[in-house]
Protein chains: 2
Amino acid sequence: MAGAWGRLVEFGVEVRSKVLAFAEKFWRMGADDPRKVIHGVKVGVALSLVSLFYYIRPINDKFGRNTMWAVMTVIVVFEYTVGGCLYKVINRGIATLSGGSLALAAHWMAAKSGPKAEPVILSALVFLFALAATFLRFMPTVKARFDYGITIFILTFSLVALSGSHVDDLTDLTVERISTVGIGIATTVSVCIFVCPVWSGQELHFLISRNLEKLAESLEGLVEDYFPINGDSMDRTEIASKRSHSYKCVLDSKSSEDSWASLARWEPPHGWFKFGHPWQQYSMVGVAMRHCAYCVETLHGCVNSETIKRPEFWEKHLRDVCMKLSSDSSKVLKELSSSVKTMKKSPSVNLLVLEMKNSVEELRISLSLLTEQLPFIQTRPAKSSELGNENSSFIDDRDVAVVLMPLTEAMALVTMTALLIEISTRIEGVVEAVATLAELACFKPIGNDESRSKVQAGEQELKPFHQV
Amino acid sequence: MAGAWGRLVEFGVEVRSKVLAFAEKFWRMGADDPRKVIHGVKVGVALSLVSLFYYIRPINDKFGRNTMWAVMTVIVVFEYTVGGCLYKVINRGIATLSGGSLALAAHWMAAKSGPKAEPVILSALVFLFALAATFLRFMPTVKARFDYGITIFILTFSLVALSGSHVDDLTDLTVERISTVGIGIATTVSVCIFVCPVWSGQELHFLISRNLEKLAESLEGLVEDYFPINGDSMDRTEIASKRSHSYKCVLDSKSSEDSWASLARWEPPHGWFKFGHPWQQYSMVGVAMRHCAYCVETLHGCVNSETIKRPEFWEKHLRDVCMKLSSDSSKVLKELSSSVKTMKKSPSVNLLVLEMKNSVEELRISLSLLTEQLPFIQTRPAKSSELGNENSSFIDDRDVAVVLMPLTEAMALVTMTALLIEISTRIEGVVEAVATLAELACFKPIGNDESRSKVQAGEQELKPFHQV
């Protein structure tokens with residue numbers, strides 16, 4: 001008895017801890033993004049508003065049980081973003097109208113053919129329309145824009161065409177249904193747009209800008225991680241290795257980008273975004289960014305493969321140029337990110353790209369300098385002045401112990417430099433995509449004063465590689 | 001007048017050509033995958049079957065206008081795959097039952113509180129449930145499994161709770177609605193499962209196997225593309241470069257893999273797949289495969305960057321080992337693909353992995369041999385026997401013109417080898433994921449005879465690198 005009681009208590013404690021864990025997760029989700037809670041409240045409010053119609057006698061007397069269509073519309077049409085909501089509303093509206101009127105026409109035609117042929121004709125029409133509509137949904141372009149509409153079309157068509165055989169006042173039914181659905185739609189759209197709206201377009205806009213920022217962080221973190229400074233605290237190293245993982249969300253963001261881009265086109269102009277804002281171009285920026293992120297992912301793999309020893313001399317020689325290239329690359333990405341975020345043309349991005357290209361050249365030169373001294377390693381610390389001098393092919397034999405160094409040891413380093421160069425090439429693709437976006441979306445040029453100071457800052461930062 | 005007529009004719013021709021193009025696209029889609037057409041026919045058949053209930057007097061007399069719920073159920077529940085259909089059916093069933101009974105309870109409670117408090121209590125409950133349900137949908141685990149169910153729950157709850165205030169025989173209404181929905185569900189599920197069923201699980205299974213195959217093809221094609229044989233016909237080169245693009249579908253397959261994996265768990269045992277088949281593990285194989293594909297994508301970029309000259313001597317020296325490594329790697333992938341496809345444990349995959357590792361070692365040795373001769377290039381054609389000999393550090397000065405070769409020129413080649421090695425490491429990750437899958441899904445061992453001949457074939461193929 002005591003044992004059974006103990007087990008029961010244990011079970012109770014377990015359930016309690018699970019429920020608490022779930023509740024905490026629930027709570028944290030709400031605290032992290034209060035907009036989700038607000039969305040819940042919005043749906044509740046819209047539903048309560050519509051449910052009032054049940055209790056207002058004149059409306060209810062007029063529509064009777066059709067009032068339920070208003071409730072149904074609110075529940076199925078209300079979406080998190082305005083774009084999602086309008087996509088469903090517009091699809092539903094057009095589909096209901098076209099499906100309903102087609103069904104009425106079919107009904108009129110079938111009624112002319114006599115009572116025996118009527119059900120056969122109607123069933124055959126329902127069959128054919130269902131077949132065509134279902135098949136049409138497989139086409140990618142149709143699916144992206146009208147998937148929901150097609151479902152509603154065939155739903156309305158079947159319901160009206162079939163139920164028509166019993167309801168005598170079919171036109172009345174149609175009118176009633178359309179009015180109640182209209183009430184539902186009006187309520188949903190007003191609540192969705194006027195109470196703390198969440199715009200797909202804005203989400204997409206900030207997602208792209210944030211991802212550019214993350215890619216930049218990740219690139220910097222990776223190279224910092226590879227060349228740790230000896231005096232570095234553990235904290236800094238940890239931060240660097242944490243930052244180096246940021247690229248992962250870029251790799252996985254395709255589906256959210258695509259869905260937001262396709263929903264954003266249903267949204268009216270809002271905030272900074274005018275009518276006909278080039279949402280599709282954001283996806284193009286996303287593609288270019290992912291193209292870059294694949295390379296960063298590979299770099300991450302190569303950097304973290306511990307199988308290959310790292311030649312100290314090479315590392316010292318290449319550290320600064322590699323760090324410079326990665327920091328220049330991430331500067332370009334950060335500039336692009338802030339340009340997208342503020343929707344202002346960046347005056348300094350071209351200078352930054354130039355600087356990045358300079359760094360690539362520097363890296364190439366460092367590599368070719370290295371080759372001249374290959375396959376020898378100096379065991380005494382190499383003086384940087386000696387290494388920097390392009391013509392120092394002379395090596396002092398007395399001071400230097402000559403050691404054969406296989407390329408395999410340096411391979412990781414060479415690969416890293418090659419990948420850094422490849423990444424910088426791909427970043428140029430991102431720059432182009434953002435430039436196209438800036439043109440299509442008419443990004444504002446930065447005001448004269450601001451721009452001048454920015455350009456000056458950019459010029460100060462830019463030192464041609466031959467002066468370094 | 002003639003001009004207007006001409007324009008009209010032109011317009012007509014244009015419209016005709018557009019319609020024809022669309023029809024052709026439509027037709028080709030059907031011809032490419034007849035299952036899509038069959039799916040359309042299935043939906044039509046299910047709908048026609050249900051519509052019969054409108055015309056059979058006894059059924060129609062019993063359910064009246066509620067018959068429309070059967071039609072509605074068929075349209076919203078019918079999905080392309082059995083998994084999708086069952087996911088919706090089970091979700092809808094549970095949600096309708098729980099939502100309906102909760103609403104009845106709420107109704108009974110509200111009725112006890114008097115006619116004034118009733119609408120207030122009901123509206124408040126609808127508000128609260130809508131808020132909680134909407135918020136719950138944001139949790140990823142809930143969304144993946146119960147998204148549709150939650151919508152239906154709140155729909156049923158609201159409809160029953162609100163319409164209850166006017167319908168006196170509420171229990172009758174509920175029973176009628178449940179029976180009609182039941183008819184719809186039974187029709188849908190029977191047609192979906194018994195007429196040419198499409199199983200999510202099977203689709204996922206073959207998608208993974210096909211993608212492994214494509215990755216293998218792509219890897220082989222890439223390296224062949226990089227080292228074209230002089231005598232190659234244009235056709236072969238074109239095929240190689242076409243094959244090298246196959247990895248792209250692997251990069252983009254995450255969303256289909258995830259959705260199929262989550263739908264497959266709703267499916268009953270079918271074909272080779274028993275109850276509790278580890279569908280989630282297929283996603284893990286997909287993750288490992290994409291990890292590999294990122295690297296292949298980078299390799300594709302590095303191989304096709306034409307900025308860097310390719311040193312002929314290095315290329316000749318490395319061609320064979322690179323080709324061997326890529327062919328060994330793709331053999332492993334192909335073996336995994338066929339193992340997954342046939343659901344049989346591969347007896348030779350371990351040997352193939354060993355061979356791949358041998359090739360990696362060979363490549364490393366070739367590289368270190370190269371380094372010993374760096375930075376010199378022999379201008380006369382190098383004899384392979386001379387190169388293969390590890391101790392040939394002696395170079396005949398009389399026959400050889402000594403040329404300085406910067407590392408930058410060889411960088412693309414070094415990077416390619418490094419990436420090939422990295423890819424082989426990542427392929428080992430795929431091998432592990434497939435091994436776990438084989439264990440979880442109880443892949444059959446290949447029959448003794450078959451296995452012995454396969455192992456022998458594998459052993460013949462495997463030559464340890466020191467004998468090559």
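## Polar contacts between the chains

A polar contact is a pair of N or O atoms within 3.5 Å; within protein, one must be able to donate a hydrogen and the other to accept it, and residues adjacent in sequence count only if both atoms are side-chain atoms. Between chain A and chain B there are six residue pairs in polar contact, with both residues at pLDDT 80 or more. On the side of chain A that touches chain B, helix H2 (residues 34–55) of chain A gives the most, with 13 residues. Helices here are DSSP runs (H or I, at least four residues), numbered from the N terminus.

## How to read this model

This is a predicted model, in which local features need pLDDT of at least 70 and side-chain atom pairs count only at pLDDT 80 or more, while totals for chains, interfaces and linings use all residues. Residues are numbered from 1 along each chain as its sequence is written, chains are lettered from A in the order in which they are written, and side-chain values use heavy atoms, leaving out hydrogens and water.

## Where the chains meet

Let's look at the whole interface. Here 86 residues of chain A are in contact (heavy atoms within 4.5 Å) with 86 residues of chain B. The area buried between the two chains is about 7,700 Å², and carbon and sulfur atoms give 78% of that. Buried area is the accessible area (1.4 Å probe) that two parts lose on being put together, summed over both.

The rule also finds two salt bridges across this interface, each being a side-chain nitrogen of Lys or Arg within 4 Å of a carboxyl oxygen of Asp or Glu. B:Arg426 forms a salt bridge with A:Glu297, with the closest N and O atoms 2.7 Å apart.

The same surface serves both copies, as 100% of the contact residues of chain A recur in chain B.

## A salt bridge inside chain A

Over all chains, the structure holds 32 salt bridges. In one within chain A, the side chains of A:Lys324 and A:Asp328 meet at 3.2 Å, N to O. A:Lys324 and A:Asp328 are separated by about one helical turn, because they are four residues apart in helix H14 (residues 312–342) of chain A.

Conventions
Helix = DSSP H or I, 4+ residues; strand = E, 2+ residues; numbered from the N terminus.
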